[in-house]
Amino acid sequence: MRIETVFFLLLLALSAHGADKNNTTDGDSKKDTAKDSSVICSSCICDKESNLLDCSERSFRDMLEVDDWVPLNKSFSVHVVHFPRNYLTKVTAFPELPIQELDLSHNEIKSIEKKAFKELRELVYLDLSNNRLDSNAIHPDVFEGHYDPDEFEPLNKLRTLKLNNNNIHTLKSENFEHLPHLRTLSLAGNPFQVIDSQSEMAITSIRYLEVLDLSMMELGSIPTHLLHSPRALKTLNLTDNLLTEIPEALTFAKNLENLYLDNNLIPRLGTNHTKFTLMPTMQFLSVSYMPLLERVEHGAFSNLIGLKTLRLSENPKLNFIHADALSRQGTEDISREEWPDLTHLYLHNNNLTTIDMMLLANWNHLEVLDIRNNPWLCDCSNQWMVDQLLGKLHGDTERLLEDVVCQYPIEMRGTKMIDLENTQLRCVDKYGHRPEHDGVILMGMLIGILVGIPISLMIVLIYRRGCFGLLAARGPADYSRAFYKRAGQDDMYF
């Protein structure tokens, strides 16, 4: 009992000391709690150095209320807010916060409260992708900014809006009227199928639009005047649609620099409706993963005089590229040809057997050339590649040459073309016969001659000796001839 008593008294003393200490610093403690911590930071990551609030994958089902933001806003200045991969179903109005980047992607959002972003005057980037928003949920009032009788203040600083992978079928013409300085818009992955007149008006109303993503929208065509108003458009993505020809709308994209046409249904480039119009500012073009593309004809890319990078790869049926697919007649001297000064050319994983030397004027200007995984024909038609091209490529391109191997002729299958340097390749004849078959044919002919001559001589000899008669059937004439005997000379006179 004595030991327990001493222990109890010791605890009382310590408790009293702790209580006195807490009493002396009670005001400072409460002040620090209000300043440096919040309920939100106990559930999410609060990075005060980068002004980041990261609530990714936290199983949130409701947006934070206004009162939830107050202690956080007092703790540090929140510029970046991430709420992806939760279970949010509705976006409620935000209080006045200095948020510049807001990510609400990969949730279950079906509705957005009117004027939800009105107080986010510093908002530059808004990601609403991969939700369940439909055309009714994206009404113009969602993006409405401050308004009073004297001054109209839309969301002036918003530059990027991502609406991709939702259930939007159409837009209202006024959808983006409160976003006058929008630069990037993504509608990718929404089942539009057709860009109707209202949707066209909504997109063309974005005067300073620079990047437009219309990929994976099941589009069979693009409205002719869709790109007439956004004259600042630099990047257009039409990947994974149902286009069968080059959209006429590109005629109005005078300042376009990057174009993605991958995985569409164009069977041939360079014909009447599959030839690119004059686009002198175009620097990057990707026409890859085309399931039906077989040929690139004369002048297909000749109007892309400023082209730097061409991706023409992963086209399983592409077996022909015309020698003049890139070149065009000179503007001043029509007898002179001009080529774009390409720096990157990607032709890998096609069905090409040859490339014409005149496809480019100067292959040495290429920084990257990728021609892997094609069924190359290692004959004299590709002699120039062995002599003038492959051996002069270095850096990353030299590494890519390891997979440039011969498919034909059969005895060279699997041989690296880079190993054929200083080798004179044979030619096939005008009928396409392969030299590798010549030996077999000649050997067969020689054997036929050596066997045929003795047999023929034997047949002639047997025939002349009448041996064939021994085997033939005997007729009446043969029977009479057997009893006939020529008369002697003496019998003639009696």
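This is a predicted model: local features need pLDDT of at least 70, side-chain atom pairs count only at pLDDT 80 or more; totals for chains, interfaces and linings use all residues.
## Parallel sheet

Strands β15, β17 and β19 make up an open sheet in the order β15-β17-β19, with parallel pairing. At its edges lie β15 (268-269) and β19 (320-321), each of which pairs on one side only.

Two bridges join β17 (residues 295-296) to β19 in the parallel sense. Arg295 has Phe320 in β19 as its bridge partner.

## Salt bridges

The count of salt bridges is eight. One of them joins the side chains of Arg295 and Glu297, at 2.7 Å from N to O. Arg295 is partly exposed at 27% relative accessibility. Glu297, at 14%, is buried because the cut-off for buried is under 20%. Arg268, Arg295 and Glu297 are linked in a salt-bridge network.

Lys115 and Glu144 also form a salt bridge, with an N to O distance of 3.8 Å. This pair links distant parts of the chain, 29 residues apart: Lys115 is in the loop between β6 (111-112) and β7 (125-127), and Glu144 in the loop between β7 and β8 (146-147). Lys115 is partly exposed, at 35% relative accessible area, whereas Glu144 is buried at 15%.

A further salt bridge, at 3.8 Å from N to O, brings together Arg183 and Glu210. Here 27 residues separate the partners, with Arg183 in the loop between β10 (160-162) and β11 (184-186) and Glu210 in the loop between α5 (197-204) and β12 (211-213). Arg183 is partly exposed at 22%, and Glu210 is partly exposed at 28%.

## Largest pocket

The largest pocket holds about 240 Å³ of space. It is lined by 17 residues, of which Glu245, Ile246, Pro247, Glu248 and His273 are the closest to its centre. The lining comprises five nonpolar, nine polar and three charged residues.

Technical notes. Residues are numbered from 1 along each chain as its sequence is written. Side-chain values use heavy atoms; hydrogens and water are left out. On a 1 Å grid over the protein atoms alone, a cavity is a set of points where a 1.4 Å probe fits but cannot get out, and a pocket is an open set with protein on both sides within 12 Å along at least five of seven lines; lining residues have an atom within 4 Å of a point. Grid points are joined across faces, edges and corners, and a volume is the space filled by probe spheres set on the points. Ala, Val, Leu, Ile, Met, Phe, Trp, Tyr, Cys and Pro count as nonpolar, Asp, Glu, Lys and Arg as charged, and the others, Gly among them, as polar. Two strands pair if DSSP finds at least two bridges between them. Helices (H or I, at least four residues) and strands (E, at least two) are DSSP runs, numbered from the N terminus. A salt bridge is a side-chain nitrogen of Lys or Arg within 4 Å of a carboxyl oxygen of Asp or Glu. Buried means under 20% relative accessible area, exposed over 50%, partly exposed in between (1.4 Å probe, protein chains only).
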